[in-house]
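These are my notebook entries on one structure. I set down what I looked up, in the order in which I looked it up.

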Amino acid sequence: MGLDIRINLPKGQSTEAYDVVIVGAGPAGLTAALYCARGRRSTLVLERNMAGGQIALTELVENYPGFPEGISGFDLSDRMKRQAAQFGAELREITTVSSLTPDPDGSFTITTDQEKIRARTVILSPGVEAKRMGIPGEAEFVGRGVSWCATCDGALYKGRQVAVVGGGDSAVEEGMFLTKFADKVYLVHRRDELRAAAIAQERAFANPKMEFVWDSVPRRVEGDQLVSGLEVQNVKTKELRSLPVNGVFFYIGQVPLTSFLQGVIALDGSGYILTDELMRTSQCGVYAAGDARANPLKQIAMAVGEGSLAAVQAQRYLDELECPSSGPAVAQAAGVAHAEAALQAAGATQSDGAAQEDAAAQKNAVAQRDGAAQGDGAAQGDAADTPAREETADAPAPVEPDPAPSSKD
Ligand SMILES: Cc1cc2nc3c(=O)[nH]c(=O)nc-3n(C[C@H](O)[C@H](O)[C@H](O)COP(=O)(O)OP(=O)(O)OC[C@H]3O[C@@H](n4cnc5c(N)ncnc54)[C@H](O)[C@@H]3O)c2cc1C
């Protein structure tokens, strides 16, 4: 059941509030900015680092349409940024958003580390960051041999040996990139087969500089001032072994950058933003797009598609100033535990009890569905083994229950 909510914002008379404020200038945010600015909406993009997001850290993008020879991640993000700016989108870099607050008049206050900004609508595209492994030595050797970015740090390892941890697309592609510099790249994977795309695997297996360390998990980064080794353990034989490496690159999955949304926007159990199919979050007037959304594919093509849809929906909302309750929709998308969050979010932001009834009904429906599915141990085991970057299976990276340091790869 849908619910119409009409808010009291003066249509088209925003002197101090931006029409649209976008959080995060990765592919999703920059695409949303392009669409909103081209739609003649006052548009501001807030970015905690430099614009570009994860693709700015990617050496070569081969699977984004329109670039048959491939394009460097930096070039692609620079083009996206210029295209959005060309239509008038404003970009504020080195500006971290710390909170989002719905105001009584239906607008929003966005607090950054520098100021408070008002917005009539908000598009959330904060993306994800690399998951930490949590093993001894990982934090201590950041910048001294431990990295999550081959593109940034690979050239430091010319003539040396490095280890890459993971078995998905990122691990294999970045490992291949590191062979341009390093004499040897150990690829440490907890299974005996990779999860990366077939073409990436073919290339990796054909590369004489790649050595695969199967069925193994890292236990400790070794070194004194700088990294000198990586201790790994074979999960089948329990045998410990030290790989003689100067660099360790972790590609074991990602976590969404959504902590600033806790309690305001419905998130799933892993912190990904829940939306309906029109990118509407649990909060009327707030949309989400890209990797931070609970979606089944973390790729540039997906992020730009979602960014454009979120932008079109946000503009429709600005024109009509109404939206159906999305709390029930996000609850349905999530599961019973997450329906709780959606229910809370719906309750926190909508005064109409019908919205909560809807959410509660959804929660019951999901509970019944989950009850039927209980006992499916295999499915739960699979959930722990999260998909590679390009896989389309269960989207959000679940919390890794295995004490062994392994996760999405
Ligand atoms: C090593 C690597 C290689 C990849 N290669 C490919 C590839 O070849 N092809 C492909 O299609 N995809 C690839 N991807 C995936 C692709 O980069 C992502 O799917 C895409 O960047 C997601 O875009 P996004 O805009 O949702 O998020 P991001 O790119 O993560 O951008 C989000 C932005 O939001 C900012 N942000 C976060 N929180 C805040 C805050 N509180 N305040 C302000 N700003 C904030 C972040 O700094 C970031 O710039 C790769 C990813 C990695 C890590």
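Entry 1. I noted at the outset that this is a predicted model. I began with the strand pairing of β11 and found that β11 and β18 (residues 247–250) pair in the parallel sense over two bridges. I then looked up valine 146 and found that its bridge partner in β18 is valine 248.

Entry 2. I next followed the sheet as a whole. It is an open sheet of five strands with parallel pairing, in the order β11-β18-β12-β13-β14. I recorded β11 (146–147) and β14 (210–213) as the edge strands, since each pairs on one side only.

Entry 3. I turned to the helix α4. It lies across β12 (161–165), β13 (184–188), β14 and β18, and it runs at about 170° to β12.

Entry 4. How do the axes of α4 and α5 cross? I found that the axes of α4 and α5 (residues 198–206) come within 10 Å and cross at roughly 40°. The two helices are therefore oblique to each other. The crossing of α4 past α5 is left-handed. From α4, Asp169, Val172, Glu173, Gly175 and Met176 meet Ala200, Gln201, Arg203 and Ala204 of α5. I classed the residues of this contact as four nonpolar, two polar and three charged.

Entry 5. Last, I looked up the ligand. There are 36 residues around the ligand, of which Gly24, Gly26, Gly53, Gly127 and Gly290 come nearest. The shell divides into 17 nonpolar, 14 polar and five charged residues.

Methods: Residues numbered from 1 in each chain as written. Predicted model: local features only at pLDDT ≥ 70, side-chain atom pairs only at ≥ 80, totals over all residues. Near = placed C-beta within 6 Å. Nonpolar A, V, L, I, M, F, W, Y, C, P; charged D, E, K, R; others polar. Pairing = 2+ DSSP bridges. Helix = DSSP H or I, 4+ residues; strand = E, 2+ residues; numbered from the N terminus. Contact = placed C-beta atoms within 7 Å. Axes fitted to C-alpha atoms, helices over the stretch in contact; angles between N-to-C directions. Parallel < 35°, antiparallel > 145°, perpendicular 65-115°, else oblique. Left-handed = near helix turned anticlockwise from the far one by under 90°.
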